[in-house]
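These are my notebook entries on one structure. I record what I looked up and what I found.

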Amino acid sequence: MIVYLIRRLLQVIPTLLVISLILYGLLALKPGDPIDEMRRGNPGFTQEDYDRLREFYGLDRPWYVQYWRWLGRVLHGDFGISRQFGRPAAAYIFNYRFPNTVLLSGLSLLLAFLVSVPAGTISAIRQHTAFDYSVTVVNFIGVSIPIFWFGIMLIYVFAVRLRGFLPAGGLASPGVVGAWPIFVDRLRHLILPVIALSSLQLAQWTRFMRSSMLEVIKLDYVVTARAKGLSERAVIYRHALRNSVLPLITLIGLNVPLLFSGAILTETVFNWPGMGRAIFDAILVNDFNVAMVSLMFISLLVLAFNLMADLAYALADPRVRYE
Amino acid sequence: MNDPLRSVEPLESPALERSTAGESYWRGVWRRFRRHHLAMLGGVVLLIFVLGAILAPWLTPYEFSRQNRRNMFAPPSFSVPADPTLVGRCVRPQVLFLKCGMHPFGTDDLGRDILARVLQGGRVSLLVGFIAATISTILGTFIGAVAGYLGGILDSVIGRCIEIMLSIPQLPLLLILVGLLANPEVRLAVLLSDALGDAKSIVIIIGVIIVLSWMSTARLVRGQILSLREREFVEAAKGIGASRGRIIFRHLLPNVVSIIIVQATLMLGEAILIESGLSFLGLGIQPPAVSWGNMLSRAQGFLYYPNGVFIALFPGLFIFLTVLCANFLGDGLRDALDPRHYSTL
């Protein structure tokens with residue numbers, strides 16, 4: 001197990017290197033550079049300034065030289081300066097963007113998990129009932145609905161038609177004072193984006209939970225539990241549920257990083273200042289350092305969660321052995 | 001459910017199912033597919049959408065790009081206004097029951113007929129969806145089959161590639177690729193716009209979707225081929241001296257065709273969602289071309305206008321219905337093509 005863990009951890013390093021090379025290469029191939037952003041709206045900016053700054057930042061060198069230098073700095077823990085904001089890129093992302101993303105994605109994750117496990121379970125143990133059919137249809141809707149359109153429609157209903165029953169977007173309203181009102185205000189701003197963002201995962205996990213449960217309740221030990229006279233409730237919740245949640249945990253591990261990067265559409269619709277939007281904006285204005293630190297962080301998350309999902313599975317299921 | 005014995009009964013056996021009165025495999029597929037009402041419905045609706053997209057320019061009195069500043073934000077209605085300035089100019093006076101002046105889906109912020117735009121947008125969205133799904137599935141199948149059958153170093157290299165592609169955050173990668181190919185300073189982009197003109201953004205988006213979506217098919221096919229290649233019929237084919245290409249394409253792939261068809265159907269929905277998301281962000285299909293996604297890109301700003309919601313409602317509804325139908329169809333096809341897989345509906 002330890003050997004397996006070490007081997008997996010060692011595999012992460014070359015994978016991250018290749019990913020960073022691909023991303024950096026693509027970003028560098030993209031025409032225009034950060035200096036263009038500085039020149040824009042600055043009439044006193046001369047060609048000499050341009051050339052000097054390009055040389056200063058090393059942008060006149062081929063992209064692989066730039067990559068090599070970037071890599072060297074990163075290994076010393078320096079992710080460079082955001083040229084949009086003039087402050088360290090890593091600090092900007094982790095102080096201002098990451099907490100918002102964790103809040104939005106974390107709550108979406110929680111909502112999806114808390115709804116999908118009972119919904120999938122009940123749907124499975126009452127297979128072919130009206131409840132089961134409606135859950136299945138709702139699942140199909142959840143995986144088919146474009147998130148951004150769903151978000152826009154939510155805004156229309158709850159913010160426009162119901163005259164500001166819930167805010168149309170943003171992080172918080174200005175001018176709210178007091179701990180409790182601020183808390184309520186933040187919560188109200190979270191409701192719609194969390195519903196929109198969790199819809200896809202909610203549907204996928206419910207469907208997965210349902211089929212996982214359907215397989216488990218056919219197994220011998222469940223029959224045994226019934227045969228020895230346990231109540232249906234005990235059979236399902238004490239015996240079957242534990243084993244059917246296991247594969248879902250793996251799936252959740254694989255889905256978590258998606259919630260971090262895939263929230264661009266939700267963040268755009270709800271004007272939510274999170275990581276997805278930060279990456280989007282950074283790519284558009286060639287702010288390489290911000291784009292790279294966020295992208296590398298998300299790639300690291302993907303790999304870490306893949307590994308954690310495998311490990312969690314091994315810990316929860318003694319039959320799984322990794323060599 | 002309370003009868004414990006019922007739950008240990010085996011599912012319907014594929015062998016029994018298939019041997020009904022000596023019917024062929026495909027007749028059995030059709031029989032099982034017809035039982036799946038939602039899938040039938042999905043297929044029929046998709047067919048109607050495709051026909052609507054093909055016939056788009058001839059189905060409405062209005063042309064999709066014709067503006068009428070006198071009649072902006074008109075609500076959906078089948079009545080013809082008395083004031084001729086509100087009617088505006090039509091290409092033809094009447095199509096079936098649709099008269100010039102009727103806007104069944106309303107008009108947008110420039111007074112353009114939303115129905116005409118939805119139909120025209122469907123052309124682009126469905127075209128992108130179908131082409132991207134088809135090519136991505138073929139590419140994924142090819143890569144997966146070759147990796148699975150040949151094995152060895154090639155297989156590990158392809159496996160690592162798939163893993164890396166799946167670890168890179170998808171949407172940002174899409175953004176970079178689209179930005180790259182849309183920029184006039186990149187040589188490939190210049191080449192593309194010389195060759196394609198206005199259709200460039202469509203080709204770019206198709207290409208980008210393919211680049212980012214072949215992996216799941218490749219994985220799936222590889223897994224299937226890995227188990228199939230150990231079977232006797234492959235040994236037999238080798239024994240009579242069949243070439244590797246012949247074994248892969250004539251003996252192995254026909255056995256995974258059902259999985260590939262299902263995958264292609266699901267990929268159709270996926271591709272349409274990716275296209276609409278990118279176009280919504282302003283990076284996909286560029287105006288004056290119109291797709292369901294780019295119709296939505298400015299729509300959010302009009303939510304507070306009277307009747308402004310229809311600009312957002314209809315294109316999104318059509319994306320949703322198309323993807324929903326594709327998913328119903330895929331689910332039905334999975335059950336019909338592979339009886340061992342039990343239905344979720």
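Predicted model: local features only at pLDDT ≥ 70, side-chain atom pairs only at ≥ 80, totals over all residues.

Entry 1. At what angle do helix α7 of chain A and α14(B) pack, and how far apart are their axes? I found an angle of about 145° between α7(A), residues 147-161, and α14(B), with the axes 10 Å apart. I recorded the crossing of α7(A) and α14(B) as left-handed. I then listed the residues that meet: A:Trp149, A:Ile152 and A:Tyr156 on the α7(A) side, and B:Val309, B:Ala312, B:Gly316, B:Ile319 and B:Phe320 on the α14(B) side. Sorted by class, the residues of this contact are seven nonpolar and one polar, with no charged residue.

Entry 2. I turned to B:Val309, which lies in helix α14 of chain B. Is B:Val309 buried or exposed? I classed B:Val309 as buried because 23 C-beta neighbours lie inside 10 Å, and the cut-off for burial is 20 or more. Not counting residues up to four places away in sequence, B:Val309 touches A:Tyr156 and B:Leu303. I also looked up the pair B:Val309 and B:Asp108: they stand 201 residues apart along the chain, and their C-alpha atoms are separated by 9.4 Å.

Entry 3. I next examined how α14(B) packs against a helix of chain B itself. Helix α6 of chain B, residues 114-150, packs with α14(B) at an angle of about 30°, and the axes are 10 Å apart. This crossing of α6(B) and α14(B) is right-handed. From α6(B), I listed B:Ile114, B:Val118, B:Gly121 and B:Gly122; they meet B:Phe310, B:Ile311, B:Phe314, B:Pro315 and B:Phe318 of α14(B). The class count for this contact is seven nonpolar, two polar and no charged residues.

Entry 4. I looked up the interface between the chains as a whole. In chain A, 46 residues are in contact with 40 residues of chain B. Which helix of chain A gives the most to the side that touches chain B? I found helix α1 of chain A, residues 2-29, with eight residues. By class, this side of chain A holds 33 nonpolar, eight polar and five charged residues.

Entry 5. I then inspected the largest nonpolar core, which has 160 residues. The members that touch the most other members are A:Ala291, B:Leu174, B:Val178, B:Ile205, B:Ile209 and B:Ala271. Helix α14 of chain B, residues 309-337, gives the most to this core, with 18 residues. I followed up B:Ile209: leaving aside neighbours within four places in sequence, B:Ile209 is in contact with B:Ala132, B:Ser136, B:Ala271, B:Ile274 and B:Glu275.

Entry 6. I closed with chain A on its own. I counted 13 helices and zero strands. The C-alpha atoms of chain A fill a box of roughly 85 × 60 × 35 Å along the principal axes. Of its 323 residues, 37% count as buried. Among contacts in chain A with a separation of 6 or more, 73% come from residues 24 or more positions apart.

Entry 7. I checked one helix of chain A for its span. Helix α4 of chain A, residues 63-75, has 13 residues and reaches 18 Å from its first C-alpha to its last, close to the 18 Å expected at 1.5 Å a residue. A:Gly77 follows α4(A), and its phi is positive, near 85°.

Technical notes:
Residues numbered from 1 in each chain as written. Chains lettered and ligands numbered in written order. Contact = placed C-beta atoms within 7 Å. Helix = DSSP H or I, 4+ residues; strand = E, 2+ residues; numbered from the N terminus. Nonpolar A, V, L, I, M, F, W, Y, C, P; charged D, E, K, R; others polar. Core = buried A, V, L, I, M, F, W, Y, C linked by C-beta atoms within 7 Å. Buried ≥ 20, exposed ≤ 12 C-beta atoms within 10 Å, placed from the backbone. Axes fitted to C-alpha atoms, helices over the stretch in contact; angles between N-to-C directions. Left-handed = near helix turned anticlockwise from the far one by under 90°. Expected span 1.5 Å × (residues − 1).
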